[in-house]
Amino acid sequence: MENIKDAEITLEPLSSDDVEAFIADNQRAFKYGALEEFGMRDDHLDADGEIISQKTIEKSIYSPGNESYRIVFNGRKVGGVVLKIDRKTN
């Protein structure tokens, strides 16, 4: 395991060539979290077997005012985030 004390964690703007991988990573993370918390419950999966649909993630990524980033740990993509920041109140 890498030493967290010396870790470099950055946010990098999501590039257009990384959108599909970003979506797949989010779907994997949501499915893992749901299965860990609730176990297998088919009534929460969409037609594609996902907890969160590609369409929902795309809507989040491309909504006006939203900003999407990759979380990078020591040069390796380990996550992502979509932020909506109120510019008046920060």
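What percentage of the 90 residues in the protein chain do buried residues make up? Buried residues account for 22% of the 90 residues, where buried denotes under 20% relative accessible area, exposed over 50% and partly exposed in between (1.4 Å probe, protein chains only).

## Basis of the model

This is a predicted model, in which local features need pLDDT of at least 70, side-chain atom pairs count only at pLDDT 80 or more, and totals for chains, interfaces and linings use all residues. Residues are numbered from 1 along each chain as its sequence is written, and side-chain values use heavy atoms, with hydrogens and water left out.

## Overall architecture

The protein chain has two helices and three strands, arranged β-α-α-β-β from the N terminus on. Helices (H or I, at least four residues) and strands (E, at least two) are DSSP runs, numbered from the N terminus.

The accessible surface comes to about 6,900 Å², of which 53% belongs to carbon and sulfur atoms; such areas come from the Shrake-Rupley method with a 1.4 Å probe, and for residues only the protein chains shown count as cover. Of the contacts (heavy atoms within 4.5 Å) with a separation of 6 or more, 58% are between residues 24 or more positions apart.

## Sheet and helix packing

The three strands form an open sheet in the order β1-β2-β3, with antiparallel pairing; two strands pair if DSSP finds at least two bridges between them. β1 (9–13) and β3 are the edge strands, each pairing on one side only. From one strand to the next, the twist averages 30°.

Five bridges join β1 to β2, and proline 13 has tyrosine 69 in β2 as its bridge partner. Helix α1 lies across β2 and β3 and runs at about 75° to β2. Axes are lines fitted to C-alpha atoms, for helices over the stretch in contact, and angles run from 0 to 180 degrees between N-to-C directions.

## Nonpolar core

The largest nonpolar core comprises seven residues: Leu14, Val19, Phe22, Ile23, Ile52, Ile57 and Ile61. Such a core is a set of buried Ala, Val, Leu, Ile, Met, Phe, Trp, Tyr and Cys residues joined through side-chain atoms within 4.5 Å. α1 (19–38) and α2 (54–62) each give two or more residues to this core, and α1 gives the most, with three.

Leaving aside neighbours within four places in sequence, the contacts of leucine 14 include Val19, Phe22 and Ile61, together with Ser68, Tyr69 and Arg70.

## Individual residues

Glutamate 20 is placed in helix α1. Neighbours within four places in sequence aside, glutamate 20 is in contact with Gln54 and Glu58. Glutamate 20 and glutamine 54 are 34 residues apart in sequence and 9.0 Å apart in space, C-alpha to C-alpha.

Asparagine 74 is found in the loop between β2 (66–73) and β3 (76–84). Phi of asparagine 74 is near 50°, a positive value in a residue other than glycine.
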